[in-house]
Amino acid sequence: MKLTPEASAALARIARVSGVRAEPQALLPAEVILELSGEAVRSRLCTFTDASGAEHCLRPDLTTPIAQMVASGELPVARYHGAGPVYRLPPRGSDEPVEHLQIGFEWFGNSGSPAEDAEALAVALEAAQAGGVTGAKVRFGDVAIYHALLAALPLSPQWRDRLRRAFSRRKGPRELLAAAHRRTDVAEAVVRIGALGQDDAVRAVETEIDSLGVEPVARTAGEIARRLREKATDPAPAESVAEVLGDYLDLSASAGDSAAALATFGRQAGIDLGAALEGFNERLALIAKLRPPFWNAAVFSAEAGRRFEYYDGFVFDLARDGEPDRPVLSGGRYDGLIARLSAGDVETSGIGAAIRADRLGRGGGR
Amino acid sequence: MSALTLAVPSKGRLKEQTEEFFRDAGYAIVPMGGVRGYLARIPALPEIELRLLSASEIASGVIAGDIHCGISGEDLLREQAGDLERVAHLLAPLGFGRADLVVAAPASWLDVETMADVDDVAARMEVATGRKLRVATKYVRSTRRFFTEEGVGHYRIVESAGATEGAPMAGVADLVVDITTTGATLKANGLKILSDGVILRSQAQLVASLEAEWTDAGLRALKALVSAFEQRAGLHTTRFEEFVAALNHTRA
């Protein structure tokens with residue numbers, strides 16, 4: 001795909017500080033994307049099956065294949081930029097093209113400081129400006145604050161995990177908590193076996209499976225006994241906890257007011273957001289010094305970043321007024337991604353942003 | 001295309017029940033015979049062109065608009081159309097061909113009763129073994145939609161060609177999503193239905209396409225058919241008017 005003058009200008013701004021250009025493959029094993037993002041994304045993936053039954057897909061973004069190359073050791077931990085076509089099936093009734101041009105950067109291995117967050121945001125916004133974007137608004141958030149909030153709330157470890165997972169799902173934290181409060185029945189086996197010590201519980205599980213006349217499948221009696229015991233001591237979070245989480249997710253404020261809004265929230269909820277809030281404030285101060293374009297009207301939203309599973313810190317996007325669901329650019333921190341892709345072999349921080357070249361310029365492709 | 005093409009199941013129990021239903025409504029289905037074995041007619045309703053197809057072909061034909069209306073299972077219709085309401089209209093549940101599309105887990109998983117349990121176990125399995133929970137099914141779209149609504153991630157679909165219920169025992173999947181009438185086959189394969197794992201209570205439906213080319217004559221013939229079903233087969237539906245309204249909306 002040929003770069004338009006707008007796209008070239010945006011890429012030039014990015015390339016200046018983003019190392020060498022990565023040239024990832026267009027074709028990936030579907031496995032890689034599905035393992036990372038789950039079946040929910042499959043309806044948007046261009047997939048096909050070869051003669052042996054193996055499934056392949058066209059890359060839905062540049063982040064995943066570049067991250068994959070770093071995770072596999074094919075590329076060293078460093079800064080990269082990229083430009084090229086990516087492929088996503090449009091939802092029914094949408095006139096979006098399947099193929100569009102993406103420009104972006106992925107920076108690995110800078111230990112993930114607030115200074116790097118600020119620089120990444122500024123580079124992305126300056127690139128959008130160089131690409132002719134006007135009349136657009138920044139929305140930003142910080143998934144690390146959500147995680148800090150979960151750590152500070154009185155929750156069982158299981159509920160902490162569940163609420164963490166729910167952040168990026170359509171059935172989000174609010175829906176999950178509402179459903180938990182509707183449900184009161186607990187199965188007899190949970191009560192009976194859950195009250196036993198582990199050894200007795202394992203024996204009880206084995207007896208129970210025997211009496212059902214079935215064979216154990218995929219999971220051992222030990223695993224099942226352990227989880228039954230956990231379930232027996234895993235009360236649904238208190239109503240007050242659900243309220244605090246709901247209040248947090250409702251938070252929205254201008255960039256200038258966001259630090260105060262979070263501080264007020266923490267005080268009222270009686271929660272110390274600790275290092276996460278300090279990082280947030282430090283980042284804001286650093287961004288203000290860089291004076292990036294579009295930042296004056298930026299809005300903090302606690303729910304920003306909910307659409308992407310791998311973001312775990314600072315997140316941002318830029319969208320034209322009136323088109324919040326068609327961002328020109330989106331980006332964020334994904335410090336856990338490489339460790340996940342490499343099964344722990346490679347550990348490095350990561351932050352990146354992607355610009356949709358077809359939404360650059362004044363018209364945004366419409 | 002004739003004024004009204006109606007596709008009915010060409011084989012199995014669904015064929016017998018459809019013929020029985022038409023007989024109760026006072027209509028005999030007469031196959032054309034010979035090389036045109038896929039065509040049939042109802043002598044009392046000569047304006048309708050009858051086609052004999054598999055239930056799955058009927059679903060895809062109605063969704064694509066190749067046929068005006070047909071009789072097929074709601075499970076097949078919802079599986080084949082991403083968003084059924086946009087392309088077709090369920091005119092009347094016919095009271096036969098009942099089957100539930102359900103999520104079933106190994107009965108030995110004593111700790112798993114609900115979809116929330118599935119998500120917990122799946123997340124744990126991924127952390128412990130690095131692999132996702134596998135779900136065997138022929139109903140790929142319905143499964144994906146339901147798991148998303150229920151907030152379950154960390155799973156992979158294993159598309160099954162046949163005998164889905166045997167997949168966990170064979171070691172190729174952990175859960176299954178399949179249709180069941182009594183649950184006996186699932187039980188015989190060491191599986192249990194989750195308490196909130198009923199995706200759809202399906203039955204045979206008279207379904208009309210919003211994608212097909214409709215003429216006034218075609219709509220009149222369909223209305224006559226629906227009225228006959230209402231009067232003679234004791235079927236209650238007000239959905240014909242809704243269909244016409246939806247059709248006008250689609251055309252506008």
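Hi everyone. Let's start with a list of residues: A:Gln158, A:Arg162, A:Arg227, A:Glu230, A:Lys231, A:Asp234, B:Asp120 and B:Arg124 line the largest cavity. One thing to keep in mind is that this is a predicted model.

How much space lies in the largest cavity? About 40 Å³. With a threshold of 30 Å³ or more, the count comes to 1 cavity.

Now, which elements give two or more residues to its lining? On chain A they are H6 and helix H10, residues 221-232, and on chain B it is helix H5, residues 115-129. H10(A) gives the most, with 3 residues.

By class, 7 of the residues are charged and 1 is polar, with no nonpolar ones.

Let's stay with H6(A) and turn to its neighbour. Helix H6 of chain A covers residues 157-166, and it packs with helix H7 of chain A, residues 173-182. Two packed helices are described by the angle between their axes and the distance between the axes. For this pair the angle is about 140 degrees, and the axes are 8 Å apart. H6(A) and H7(A) are therefore oblique to each other.

Which residues meet there? From H6(A) we have A:Trp159, A:Arg162, A:Leu163 and A:Ala166, and from H7(A) we have A:Pro173, A:Leu176, A:Leu177 and A:Ala180. This contact divides into 7 nonpolar residues, no polar ones and 1 charged.

Definitions and conventions: Residues numbered from 1 in each chain as written. Chains lettered and ligands numbered in written order. Predicted model: local features only at pLDDT ≥ 70, side-chain atom pairs only at ≥ 80, totals over all residues. Heavy atoms only, no water. Axes fitted to C-alpha atoms, helices over the stretch in contact; angles between N-to-C directions. Helix = DSSP H or I, 4+ residues; strand = E, 2+ residues; numbered from the N terminus. Parallel < 35°, antiparallel > 145°, perpendicular 65-115°, else oblique. Contact = heavy atoms within 4.5 Å. Nonpolar A, V, L, I, M, F, W, Y, C, P; charged D, E, K, R; others polar. 1 Å grid on protein atoms, 1.4 Å probe; cavity = no way out; pocket = protein on both sides within 12 Å on 5 of 7 lines; lining within 4 Å. Points joined across faces, edges and corners; volume = space filled by probe spheres on them.
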